[in-house]
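Work through the exercises below with the model open beside the text, and compare each step with the solution that follows it.

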Amino acid sequence: MYRTILVKYGEISLKGKNRSQFEDILIKNMSHALKGLDYQKISKAYGRIYIECGENWETIVRALKRVFGIVSLSPAVKVELDLEAIKEAALRLMQQRANTTFKVQARRPNKHFPIGSMAMNQEIGGHLLRNIPGLSVDVHHPETELNIEIRNEGAYLYHTTIPGPGGLPAGCAGKGLLLLSGGIDSPVAGYLSLKRGVTVEGLHFHSYPFTSERSRQKVIDLAHILADYTGQGRMRLWIAYFTEIQKALQKSKYPDLNITLMRRMMLRIATKLAQREGALALITGDSLGQVASQTMESLHVINAVTSIPVLRPLIGHDKQEIIDLARKIGTYETSILPYEDCCTVFVPKNPATKPRLEQVLAAEAQYDVDALVDEALAKTESVAVSSAVQIFS
Amino acid sequence: MEVYLDHSATTPVDPEVLAAMEPYWHQHFGNPSSPHLLGAEASSALTQCRRYLAQALRVYPNEICFTSGGTESNNLAILGYARAQYKPGHIITTAIEHPSVLNPISYLTASCGWRATLLPVDSSGKIDPGDLSRAISPDTVLISIMLVNNEIGSIQDMAEISRVIAAANQGRRQKIVFHVDACQAFGSVPFDISQLKIDMLSISGHKIHGPKGIGLLFVKTGIQLQPLLFGGGQEGGLRSGTENVPAVVGLAKAAQLAVSGFEEHAAALAALKTRLVERLLMIPETFVNSPPDGASHIVSIRFEGIKAEVLVHFLEQKGIYLSVGAACSSRKQKASHVLQAVGLSPEQAGATIRIGLSPKLTMEQIDYACQAIAASVAEIRQIYG
């Protein structure tokens, strides 16, 4: 019965002159999500996007549930601008909903149509009450709300609204570089950034042979999962060569500061890479107080090496909230695979929770920091992660 | 030079095995249950392989049930026998069994009202047959004990264990059934099923240069099992599902190579192991976890102060592949239950590697590997200071 899906996208319809730019990105991302599926066209009209499809509306809705920017999806019936046709469609739709309370909610952006919203509510409401036994009206808390939108191209009727993921269309907010460790938190931080429209590129610090090929593959797998949320099914992943830095840090005269020193090195490399690649911010999975490197003192000392914004979308999240999100987006099972990462192979016995900047600067004085950073950056490789299956190609 | 030293994890398929299997993928590809000629060809291959394996194990062909591998064989033996009992009973096993024995037993105790006893082992990885004798109670129905341990290579004293069980079975109305996991033993350690009064025995294909996805369970005539898989009634109703004919052919061929070359392989393995252990013990602070009288193809060894997984990655760069003694989880070292059971501390377990040998290795390869291991251990110890 449904041949149209009506897409609402709330927040971006408020964006003034940029609106059409946002809408175009959203439509591009939607088309990508619908690639290979059967539908006639995607069109936009003021504040709404319509998809004309066949009987496969459930498949279409499912495919769009990961497209950021979509607030809700409603399978709708489209009829011509004629009162009798609207009545007939309303009857067909509500016949599935006998024995409920309902109200009719008409809107009329098309002022050429002769019947006003209020009159339409009464006309259709009366028609339904006369023809469907067991229906009753409740204008305050109806179980079913039959929406009728009178637009230039026709009238749309729907009573079901399926929530979308919300947020802003991926790719509308500039580029950010996500420090992707392979743990539970950083992919979630990436997801939340994608949700606000950031074009996310990943940066992983690889310490082979202290960490394994598997831990590298695990990060690529995580990037694959995140790529599903990037709008275009692609994500750039940078893999920095961190081995020499790890080896150098093992020789530190202040082993308790190793995690702090390591994080400062990571932020330095990330900052340089971001500047080179045109990323405007760094993104990390830090959650305040979760581990030694995430105390306020540590964040302060670590953050001191960079002058570009460091976004920390999880800063106020509890571990359980992060785990729940990781499960929801599908990264949890990959994140908990037991491969060593740089933090497990090199973790000092008693990492400092309250490092002080003077101490850290003293500890760094024994290294040629710039040379180490430049070497790591020079050996950084780029992996284009996309949803394509590689085993057959 | 490439040196694969992880034969306890899996082995490469022998070229002769591959050649034997080849026509059964596309030429004699019929379903053994089909009534036509192609079906008959496949069925005949299956029958011959079953007959050959029965001869090799000195049992009857109808006592061989093909499965998807060691895990399924162990599950079928334990769950299949337990579910055929009219009420829950008691199972005895050891603390160092493979998870495919321990986990079905945990399931039975957690969800089906069974009791289980896990016998401890001494530092050489062996149970005390006296412990077994004392653990047997009137409701004991099943004893499952592996012949060769997959992590340290310890060999159980099966003759003595068999005597204990036989003694307990004297005058018992329902005999206690004896299952042996021989996945790591077949081809390396000789055993006699009838002599040891074994009722069920598991074997896996890919540990003996055969293909993955195939194994067998010997089930002595008269032992009733509940199937795990229901369907078309293949394997005498015990294991439904179209028979994996190419893999069965591969298993039979691999078994044939293992049996016909047994003496030669055993001598080669013993020489390789002696050389390997000798050379590795020259590295300072090195300790062999495997018992001296263990199987010749498994060597568990530790280098104090190193992280085994780091050593593994150093060695893979030099073309040497071996295994760690403990699984590393992302925040904590989780020692293997076997290394724990033989009394190693988590640090010692974390410093342990496992070497799985094959008679096909050469002395040159062993020397190269030992040299590389010594160099890598020294390098890692130097980095970690």
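Two exercises follow, each with a worked solution.

This is a predicted model, in which local features need pLDDT of at least 70 and side-chain atom pairs count only at pLDDT 80 or more, while totals for chains, interfaces and linings use all residues. Residues are numbered from 1 along each chain as its sequence is written, and chains are lettered from A and ligands numbered from 1 in the order in which they are written.

**Exercise 1.** Determine how helix H5 of chain A packs on helix H10 of chain A.

*Solution.* Start with the geometry: H5(A) (residues 185-195) and H10(A) (residues 319-329), helices being DSSP runs of H or I with at least four residues, have axes 9 Å apart and pack at an angle of about 70 degrees, where axes are lines fitted to C-alpha atoms over the stretch in contact and angles run from 0 to 180 degrees between N-to-C directions. The two helices are therefore roughly perpendicular, a term for angles of 65 to 115 degrees. Next, list the contact (C-beta atoms, placed from the backbone, within 7 Å): H5(A) contributes Asp185(A), Pro187(A), Val188(A) and Tyr191(A), and H10(A) contributes Ile322(A), Leu325(A), Ala326(A) and Ile329(A).

**Exercise 2.** Describe the open sheet of chain B.

*Solution.* First, the order of its 7 strands is S2-S8-S7-S6-S5-S3-S4, with mixed pairing, where strands are DSSP runs of E with at least two residues and pair if DSSP finds at least two bridges between them. The edges are S2 (64-67) and S4 (115-119) of chain B, each pairing on one side only. Finally, S7 (residues 200-204) and S8 (residues 215-219) of chain B pair in the antiparallel sense over 5 bridges, and Ser204(B) has Gly215(B) as its bridge partner in S8(B).

Note on methods: Parallel < 35°, antiparallel > 145°, perpendicular 65-115°, else oblique. Contact = placed C-beta atoms within 7 Å.
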